[in-house]
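Below is a briefing on one protein model. Please look over the sequence and the fold before reading the notes.

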Amino acid sequence: MTAPDCVVAVKRGGSRTFVAVDGGMSDNPRPALYGARYTVRLAGRVSREGPRSFTVAGHHRETGDTIAEDVPLPSDLRPGDLIALAATGAYHHSMASTYNLMGRPPVVAVRDGRARLLVRREMEQDLMRRDVGL
């Protein structure tokens with residue numbers, strides 16, 4: 001499983017409701033490349049609200065930066081919430097990039113309700129370490 005994405009904004013427009021998250025095509029290019037689909041769930045809190053259909057979009061604001069379409073999430077989803085995408089780390093992590101100088105997310109294993117960090121989050125200093133300057 002990948003690390004949860006933080007909900008940045010919820011925007012209703014026309015017949016669709018969009019959820020903008022702090023992840024995107026840089027850390028998960030599979031939906032844009034070949035239409036990979038994921039199970040998406042609210043993480044970190046329990047909601048008693050019924051589901052609503054959402055389109056989960058990344059923070060890059062590119063045409064292909066759609067993570068999941070028509071996924072049921074609680075209708076009271078709000079900024080600050082965490083959503084989890086069930087995904088394998090094998091391809092997911094190896095295909096991630098630092099597009100737009102965004103660090104790659106951590107990889108977390110979850111088993112029997114316990115989480116364990118496998119790969120730490122890439123920080124700005126990690127990205128800049130390779131820069132030798134002018």
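Proline 51 is found in strand β4; helices (H or I, at least four residues) and strands (E, at least two) are DSSP runs, numbered from the N terminus. At 68% relative accessibility, proline 51 counts as exposed, where exposed means over 50% relative accessible area, buried under 20% and partly exposed in between (1.4 Å probe, protein chains only). This is a predicted model, in which local features need pLDDT of at least 70, side-chain atom pairs count only at pLDDT 80 or more, and totals for chains, interfaces and linings use all residues. Residues are numbered from 1 along each chain as its sequence is written, and side-chain values use heavy atoms, with hydrogens and water left out.

**Around proline 51**

- Leaving aside neighbours within four places in sequence, proline 51 is in contact with Pro72, Leu73, Pro74 and Ser75; contact means heavy atoms within 4.5 Å.
- Leucine 73 lies 22 residues from proline 51 in sequence, yet their C-alpha atoms are 5.0 Å apart in space.

**The sheet**

- Six strands make an open sheet of mixed pairing, in the order β3-β6-β1-β2-β4-β5; two strands pair if DSSP finds at least two bridges between them.
- β3 and β5 are the edge strands, each pairing on one side only.
- Direction ignored, neighbouring strands of this sheet are turned by 40° against each other on average; the strand axes are lines fitted to C-alpha atoms, and angles run from 0 to 180 degrees between N-to-C directions.
- β1 (residues 5-13) and β6 (residues 82-86) run antiparallel and are joined by 2 bridges, with cysteine 6 opposite leucine 82 in β6.
- β1 also runs antiparallel to β2 (residues 16-21), with 6 bridges between them; alanine 9 has alanine 20 in β2 as its bridge partner.
- The hairpin formed by β1 and β2 has 2 residues between the strands, and glycine 14 in the turn has a positive phi of about 65°.
- β2 pairs with β4 in the parallel sense over 3 bridges, and valine 19 has valine 56 in β4 as its bridge partner.

**The nonpolar core**

- The largest nonpolar core has 17 residues, of which Val40, Val56, Val71, Leu73, Leu77 and Ile83 touch the most other members. Such a core is a set of buried Ala, Val, Leu, Ile, Met, Phe, Trp, Tyr and Cys residues joined through side-chain atoms within 4.5 Å.
- At least two residues of this core come from each of β2, β3 (39-43), β4 (51-57), β5 (66-74) and β6, and the largest share, 4 residues, comes from β5.
- Not counting residues up to four places away in sequence, valine 56 touches Val19, Val21, Thr66, Ile67, Ala68, Val71, Leu73 and Ile83.
- In soluble globular proteins, nonpolar side chains tend to be buried together.

**Overall fold**

- The protein has 3 helices and 8 strands, running β-β-α-β-β-β-β-α-β-β-α from the N terminus on.
- Its radius of gyration is 15 Å, close to the 14 Å that the globule rule gives for 134 residues, so the protein is as compact as a globular protein of that length. The radius is taken over C-alpha atoms, and the rule is 2.2 Å times the number of residues to the power 0.38.
- The C-alpha trace spans about 55 × 40 × 25 Å along its principal axes.
- Of the 134 residues, 35% count as buried.
- Among contacts with a separation of 6 or more, 62% are between residues 24 or more positions apart.
- The protein exposes about 8,700 Å², with carbon and sulfur atoms supplying 51% of it; accessible areas come from the Shrake-Rupley method with a 1.4 Å probe.
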